[in-house]
Amino acid sequence: MAARTARSIDLIEVRRSKVHGRGVFAQQHIPKGTRIVEYVGERVSHEEADRRYEDKDADDSHTFLFIVDSKTVIDAGVDGNDARFFNHACNPNCESVIEAKRVYIESMRDIEPGEEMTYDYQIQREDSDPPDIDDIFACRCGAPQCRGTMLWPTERPKRKKRAKKKAQATVRSRGRPGGRKAAKKKGARRR
Ligand SMILES: C[S@@+](CC[C@H](N)C(=O)[O-])C[C@H]1O[C@@H](n2cnc3c(N)ncnc32)[C@H](O)[C@@H]1O
Ligand SMILES: [Zn+2]
C-alpha cells in the first residue's frame, strides 16, 4: 500500500458509510481548497484496465479505476490508499483534480469534523451501454439535487445517434457481459 502523507492521516478516516460500503470522513475542520490526499494505485493502460475487469458482473457498479488521460488509468485496487474509499455525491464537498498526470482530492468548501467527504465520479457513458445503465450506476448520495446516477453526462445520448454508434462499438467492444468496458471515474478538473 502506498504511504499517506502525515497530513492526510490527520485529516481523514475511513469507516462505514450510509451511502455505500466504506467512506472517507473528516477528522477535523478542513478549510476550502485543501489538498487532502493523492489518488494512487497501479497506473495501467485503458486496455489493461478493461481486461482486468472484463469478467465482472455487468450489474456491478463497483470501481476503483480513475482516468488520468487517454492513455492512463489508475487502478486503486492495486497499491491504492484511502483515497479509493471516497464515495460519489451529486452535491459533493470535494473535487478530483488532475495535475501533471497525478490525481488529487481537494475540498471545494469548508468541511466540518464527522462529515462524509465525496466528489463527483463523472463515470463515463459508453455508446454500447444498455437501456438500464442508469439503474446499474444508481446514485444513493441522498442529496435533494441527486441526479440519480453516478454517470456523466446526465442525459443519455439521443436514441438515433446511439443506435448508429452502437453498431460501430460492438466491433471494438471487448469481453465484459453487456459489452461495457470497465467503469472508470473521470476527474472534474484539470490543471
Ligand atoms: C471507489 S469505491 C468507493 C468506496 C466504496 N464505498 C467501498 O467501500 O469500496 C466506488 C464504488 O462505491 C460505490 N458508490 C460510491 N458512491 C456511491 C453512491 N453515491 N451511490 C451508490 N454507490 C456508490 C459504487 O459501487 C462505486 O463504484
Ligand atoms: Zn446522487
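This is a predicted model: local features need pLDDT of at least 70, side-chain atom pairs count only at pLDDT 80 or more; totals for chains, interfaces and linings use all residues.
1. Four strands form an open sheet in the order 3-9-8-14, and their pairing is mixed. Strand 3 (35–38) and strand 14 (189–190) each have a single partner strand and stand at the edges, so one side of each is left without a neighbour in the sheet.

2. The pairing of strands 8 and 9. Six bridges join strand 8 (residues 94–99) to strand 9 (residues 102–107), and the sense of this pairing is antiparallel.

3. The setting of Ser61. This residue belongs to the loop that runs between helix 2 (46–52) and strand 5 (65–67). Ser61 counts as buried because it has 21 C-beta neighbours inside 10 Å, where the cut-off for a buried residue is 20 or more.

4. The contacts of Ser61. Apart from neighbours within four places in sequence, the residues in contact with Ser61 are Ile136, Phe137, Met150 and Ala183. For Phe137, the separation from Ser61 is 76 residues in sequence, while the distance in space is 5.6 Å from C-alpha to C-alpha.

5. The shell around ligand 1. There are 19 residues around ligand 1, and those that come nearest are His20, Gly21, Asn87, His88 and Arg140. Strand 2 (22–26) and strand 7 (87–88) are the elements that give two or more residues to this shell.

6. The composition of the shell. Which kinds of residue make up the shell around ligand 1? Nine are polar, seven are nonpolar and three are charged.

Methods
Residues are numbered from 1 along each chain as its sequence is written. Chains are lettered from A and ligands numbered from 1 in the order in which they are written. Two strands pair if DSSP finds at least two bridges between them. A residue is buried if 20 or more other C-beta atoms lie within 10 Å of its own, exposed if 12 or fewer, and partly exposed in between; C-beta atoms are placed from the backbone. Two residues are in contact if their C-beta atoms, placed from the backbone, lie within 7 Å. A residue is near a molecule or strand if its C-beta atom, placed from the backbone, lies within 6 Å of it. Ala, Val, Leu, Ile, Met, Phe, Trp, Tyr, Cys and Pro count as nonpolar, Asp, Glu, Lys and Arg as charged, and the others, Gly among them, as polar.
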